[in-house]
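Here's a quick walk through a protein model, written for someone who likes to know the cut-offs. Have a look at the sequence and the fold, then read on.

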Amino acid sequence: MIDLHCHIDLFPNPRELIAKCAQAGTYVLSVTTTPKAWRGTVALAQGNPRIRTALGLHPQVAHERLHEMALFEGLLPEARYVGEIGLDGSPAFRAYQSQQSKALDGVLSACSRAGGRILTLHSRRAVDEVLNALEKHCDAGIPILHWFSGTQAQLRRAVAFGCWFSVGPSMLAGEKGRRLVAAIPRERVLTETDGPFAMRDGRPLTPLDAKVAVGQLAELWRESGAETTSRLRDNLRTLASSDFAD
Ligand code: MN
């Protein structure tokens, strides 16, 4: 199982959860929302080679955390994965558009200068703006749009640009989400949960719920669960072996 976007550090008992993931052999990209959270979140994953940590500056807190940009740049040499980053154009956060853009611009510039990173991006109600930023910083690395919720036209633009997509049980539960996922090339899809923010049956999703998304994808792609599992494993291998140094 693969959960390419989960906030492990925000669960009430991250260590217990990590032990369960280790037992299940689950691959997790443990994303952070602030540079300050990096050290503690890396420490949580210590000794678990299937758990990687991403250095983030979440768009919903960007306006309160712009002063952590220097810390972000200082930590970037240690991070192979960057996220959660991006933009949020929903009503509650639209007022902070300029701070969000400044944060994303700073993060992507730093990633370009560092030779590129694997990026996990939030783009709620801001897909065009996120793609504009990625086009401006085209050496920033490999973008993965997490829980994509734009239009089919925006999806085509993102696919043409080279984006990957991480999709979870919540996105795959609805008809709109399924239609979007059906239009993504299968070799650019990975699973995620976005726990503990994303919920199912009244409880937060954990990385173990990535298996729900595998079942949903198998149904959508009309193949066996084993075929989907092996396809996703191949995709993860391709992504993780990307080399920006050349
Ligand atoms: Mn998230």
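Which residues are buried in helix α10 (residues 210-220)? They are A210, A213, V214, Q216, L217 and A218, where buried means under 20% relative accessible area, exposed means over 50%, and partly exposed is in between (1.4 Å probe, protein chains only). Just after α10, R222 takes a positive phi of about 50 degrees.

## Ground rules

This is a predicted model, with local features needing pLDDT of at least 70 and side-chain atom pairs counting only at pLDDT 80 or more, while totals for chains, interfaces and linings use all residues. Residues are numbered from 1 along each chain as its sequence is written, and side-chain values use heavy atoms, with hydrogens and water left out. Helices (H or I, at least four residues) and strands (E, at least two) are DSSP runs, numbered from the N terminus.

## The metal site

Four residues give the manganese ion its protein donors: H5 (NE2), H7 (NE2), E84 (OE) and D194 (OD), lying 2.2 to 2.4 Å from it. Donors here are N, O and S atoms within 2.8 Å of the metal (3.2 Å for Na, K and Ca); water is not among the atoms, so sites may look incomplete. Along the chain, the donors follow the spacing H-x1-H-x76-E-x109-D.

## The cores

A nonpolar core is a set of buried Ala, Val, Leu, Ile, Met, Phe, Trp, Tyr and Cys residues joined through side-chain atoms within 4.5 Å. The largest one has 59 residues, and L119 and F165 have the most contacts inside it. Helix α5 (residues 97-113) gives the most to this core, with six residues. Apart from it lies another core, of 10 residues, with C6, I18, V28 and I51 among them.

Take F165: setting aside neighbours within four places in sequence, its contacts (heavy atoms within 4.5 Å) are I144, L145, F148, L155, A158, V159, I184, R188, V189 and L190.

## Strands around F165

F165 sits in strand β7 (residues 164-167), where F165 and V167 point one way, W164 and S166 point the other way, and all are buried. Strand β6 (residues 141-146) pairs with β7 in the parallel sense over three bridges; two strands pair if DSSP finds at least two bridges between them. I144 stands opposite W164 in β7. From β6 the chain crosses through helix α7 (residues 152-161) to β7, in a right-handed β-α-β crossover. Right-handed means that, with the strands pointing away from the viewer, the path from the first strand over the helix to the second runs clockwise.

β7 also pairs with strand β8 (residues 189-191), in the parallel sense over three bridges. There, T191 is the bridge partner of V167.

## Helix α1 and a glycine

In helix α1 (residues 14-24), P14, L17, I18 and C21 are buried. Seen down the axis of α1, these residues fall within an arc of 100 degrees, so they line one face of the helix; the arc is that of the directions from the helix axis to the C-beta atoms. They pack against β2 (27-31), α2 (38-45) and β3 (51-55), whereas R15 and Q23, on the other side of α1, are exposed. Just after α1, G25 takes a positive phi of about 70 degrees.

Further along, G115 lies in the loop between α5 and β5 (117-122). G115 counts as partly exposed because its relative accessibility is 30%.
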